[in-house]
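Q: I would like a close look at one residue and the parts of the fold around it. Please keep to what the model shows.

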Amino acid sequence: MTDIVIRPALAEDIPPIVALLADDALGAARESPDDLAPYLRAYERLQGDPNQLLMVAVRGDAVVGTLQLTFVPGLSRRGSTRSIIEGVRVHSSERGRGLGQQFIEWAIEESRKQGCQLVQLTSDAGRPDAHRFYERLGFVGSHVGFKLQLA
């Protein structure tokens, strides 16, 4: 895994990131790689927010993974800051080779550096393999999440 570089995403990384987001049954139904305009607008918003990190994992010249790390200051837990890992995707050719673990461990370490006391994430109920993966890394399925679709 030493040939993997984890770095902030650049605007030119948006097409391969969107391809990663769309490359499964769930993503294929909600992502649209044919129209990058909304993703580029979102990228600009993320770039303007110091509490957002959109990261890519790169092997050679290829983007092979992505995740978003968000820092959320709060009052609960004695005024602690938490991080949220979101949008984790690893290219199918990289699965089972340790990249996912390396990526999540990077996010945990970055969260520590930012003073977070808690790292949280959600995973779609239809992804049992992902749930086992996160549990192996020490995450506990301690809460039930809810979503309300607005658009």
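Is valine 63 buried or exposed, and what is its relative accessibility?

A: Valine 63 counts as buried because its relative accessibility is 12%; buried means under 20% relative accessible area, exposed over 50% and partly exposed in between, with a 1.4 Å probe and protein chains only. This is a predicted model, in which local features need pLDDT of at least 70, side-chain atom pairs count only at pLDDT 80 or more, and totals for chains, interfaces and linings use all residues. Residues are numbered from 1 along each chain as its sequence is written, and side-chain values use heavy atoms, with hydrogens and water left out.

Valine 63 sits in strand β3, which covers residues 62-73. Helices (H or I, at least four residues) and strands (E, at least two) are DSSP runs, numbered from the N terminus. Neighbours within four places in sequence aside, valine 63 is in contact with Asp13, Pro16, Ile17, Leu20, Val56, Ala57 and Val58, where contact means heavy atoms within 4.5 Å. For proline 16, 47 residues away along the chain, the C-alpha atom is 6.3 Å from that of valine 63.

The sheet comes next. Its 5 strands form an open sheet in the order β1-β2-β3-β4-β5, with mixed pairing; two strands pair if DSSP finds at least two bridges between them. Strands β1 and β5 (118-121) stand at the edges with a single partner strand each, so one side of each has no neighbour in the sheet. From one strand to the next, the twist averages 25°, taken between axes that are lines fitted to C-alpha atoms (for helices over the stretch in contact), with angles from 0 to 180 degrees between N-to-C directions. Strands β1 and β2 run antiparallel and are joined by 5 bridges. Isoleucine 6 has alanine 57 in β2 as its bridge partner.

Leucine 67, leaving aside neighbours within four places in sequence, is in contact with residues including Leu53, Met55, Ile85, Val88, Phe103 and Ile104.

Charged pairs complete the picture. The whole structure holds 6 salt bridges, each a side-chain nitrogen of Lys or Arg within 4 Å of a carboxyl oxygen of Asp or Glu. Aspartate 3 forms one with arginine 59, the closest N and O atoms being 2.5 Å apart. This pair links distant parts of the chain, with aspartate 3 in the segment before β1 (4-8) and arginine 59 in strand β2, 56 residues apart. Aspartate 3 counts as partly exposed because its relative accessibility is 42%, whereas arginine 59, at 19%, counts as buried.
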